[in-house]
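Morning, everyone. I'd like to walk you through the aromatic residues in this one. Have a look at the model first.

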Amino acid sequence: MAVRRSALLAALIAALASIPATAEHTFTNGDFSLNPLSHGWALVDGNIDWWNPYGDSVVDLNGSQAGAISQTFDTDAGVEYTVTFELAGNGFCGNPIKTLEVSASGESAIYTSDTGGSTLFSWATETFVFTASGPSTTLEFRSLTNLVGPFIYDLGLNDPRCGPA
């Protein structure tokens with residue numbers, strides 16, 4: 001009986017070990033549930049606002065000026081990674097088009113959110129794909145908008161080393 005339990009326990013441990021890790025755990029504080037500037041994210045330029053408008057914490061990449069945040073994480077050189085995030089524009093004033101640049105490993109992409117002058121948030125899931133150039137990569141989110149700018153939240157990373165997200 002004890003041998004049978006040991007074999008069952010060993011099989012259970014092996015099965016649990018084979019479950020791939022999920023991408024959501026790759027970024028520190030990727031949901032911004034804690035203040036990003038004291039939990040995982042560095043302020044690169046300007047300033048940001050961190051707030052909780054509807055139960056989910058978001059980062060407005062424009063505080064009193066355009067800002068940028070970054071986080072460095074482990075990668076494998078030559079491996080392609082896909083970052084996902086939610087993007088919306090702050091429509092309270094300024095140009096209704098809010099522009100964001102995302103960059104990593106010398107690659108970058110520009111994203112826009114058109115508020116249409118509305119103060120209601122229209123969230124869109126965006127993706128950014130890059131190929132790592134070394135054992136660690138710095139991912140940066142930068143507002144390219146004056147006055148109020150783009151909001152981001154719910155960051156994830158499809159890390160092919162961990163299997164499907």
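Which residues form one aromatic cluster? Phe27, Phe32, Trp41, Phe73, Tyr81, Phe85, Tyr111, Phe128, Phe130 and Phe141 do.

Some ground rules. This is a predicted model, where local features need pLDDT of at least 70 and side-chain atom pairs count only at pLDDT 80 or more, while totals for chains, interfaces and linings use all residues. Residues are numbered from 1 along each chain as its sequence is written, and side-chain values use heavy atoms, with hydrogens and water left out.

Now the pairs. Rings of Phe, Tyr and Trp (its six-membered ring) pair if their centres lie within 6.5 Å; planes under 30 degrees apart are stacked, over 60 edge-to-face, the rest tilted. Searching the whole structure gives twelve aromatic pairs.

Take Phe27 and Phe73. They pair edge-to-face, 5.2 Å centre to centre, with 80 degrees between the planes. This pair links distant parts of the chain, 46 residues apart: Phe27 sits in the loop between α1 (2-17) and β1 (42-45), Phe73 in strand β4 (residues 68-74). Helices (H or I, at least four residues) and strands (E, at least two) are DSSP runs, numbered from the N terminus. Both Phe27 and Phe73 are buried. Buried means under 20% relative accessible area, exposed over 50%, partly exposed in between (1.4 Å probe, protein chains only).

Next, Tyr81 and Phe130. This pair is stacked: 5.5 Å centre to centre, 20 degrees between the planes. Tyr81 is in strand β5 (residues 80-89) and Phe130 in strand β8 (residues 124-131), 49 residues apart. Tyr81 counts as buried because its relative accessibility is 0%. Phe130 is buried because its relative accessibility is 0%.
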